[in-house]
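Please keep the structure open while I talk.

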Amino acid sequence: MATVPGQLIWEIVKKNSCFLVKEFGNGTASVQFSKESNNLYNVNSYKHSGLANRKTVTIVGGKDNAVVLATTKTKKQNKPGSLLHKSVMKKEFRDMAKAISNQVGDNYYRPDLKNAALARLSAVHRSLKVAKSGVKKRNRQSAKISRK
């Protein structure tokens, strides 16, 4: 079976896609986001598109404060069940950052997505942190207002 080039797929889906989210800002300025699973920045662009590129990177949170790094296998494009190679990481943040940097950038997989992958790792790791239970800090401003 012949594969379709990524540029052709991008030309088809860049303006019409079920993953496309359009946000309208001030005046005529509008921003287009994408809800694709393999899009690190969630921006509607060819570089970050998970549909149009053969090599994609995904970083999501897993169970028990684990982070899952998933990369696509280029040889399994026609088999969606075995398309992703998933790695579960339960290390310290610096070790995970080094592993992702080595996997994405230093192995020549997608060096252009190295910074985006590290930014996504930082956001996912921050979201997995649980707030420490204990004494809550008082808001100093509310104490000053109530004295008046």
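Predicted model: local features only at pLDDT ≥ 70, side-chain atom pairs only at ≥ 80, totals over all residues.

How far does helix α2 reach from its first C-alpha to its last? Helix α2, residues 93-106, has 14 residues and reaches 18 Å, close to the 20 Å expected at 1.5 Å a residue, where the expected span is 1.5 Å times one less than the number of residues. Helices (H or I, at least four residues) and strands (E, at least two) are DSSP runs, numbered from the N terminus.

Residues are numbered from 1 along each chain as its sequence is written, and side-chain values use heavy atoms, with hydrogens and water left out.

Within α2, the buried residues are Met96, Ala97, Ile100, Ser101, Val104 and Gly105. Seen down the axis of α2, these buried residues fall within an arc of 135°, so they line one face of the helix; the arc is that of the directions from the helix axis to the C-beta atoms. As for the accessibility classes, buried means under 20% relative accessible area, exposed over 50%, and partly exposed in between, with a 1.4 Å probe and protein chains only. The cover over the buried residues of α2 includes β3 (57-61), β4 (67-72), β5 (84-89) and α3 (114-128).

Turning to α3, this helix has 15 residues and reaches 21 Å from its first C-alpha to its last, close to the 21 Å expected. Ala116, Ala117, Leu121, Val124 and Leu128 are buried in α3. They cover an arc of only 140° around the axis, which puts them on the same side of α3, whereas Asn115 and Arg126 are exposed on the other side. Among what covers the buried residues of α3 are β3, β4 and α2.

Between these two helices runs a loop that holds tyrosine 108, a residue just after α2. Its phi is near 60°, a positive value in a residue other than glycine, and tyrosine 108 counts as exposed because its relative accessibility is 66%. Asparagine 42 also has a positive phi of about 60° although it is not a glycine; asparagine 42 lies in the loop between β2 (30-34) and β3 and, at 29% relative accessibility, counts as partly exposed.

What does threonine 71 touch, leaving aside residues up to four places away in sequence? Threonine 71, which is found in strand β4, touches Thr56, Val57, Leu83, Leu84, His85, Gln103 and Tyr109, with contact meaning heavy atoms within 4.5 Å. At 7% relative accessibility, threonine 71 counts as buried.

About 440 Å³ lies in the largest pocket, which is lined by 21 residues, with Ile9, Gly50, Leu51, Asn53 and Gln77 nearest its centre. On a 1 Å grid over the protein atoms alone, a pocket is an open set of points with protein on both sides within 12 Å along at least five of seven lines, a cavity is a set where a 1.4 Å probe fits but cannot get out, and lining residues have an atom within 4 Å of a point. The structure holds one cavity of 30 Å³ or more, and about 40 Å³ of space lies in the largest cavity. The lining of that cavity includes Asn38, Lys47, Asn53, Arg110 and Leu113.

Definitions and conventions: Points joined across faces, edges and corners; volume = space filled by probe spheres on them.
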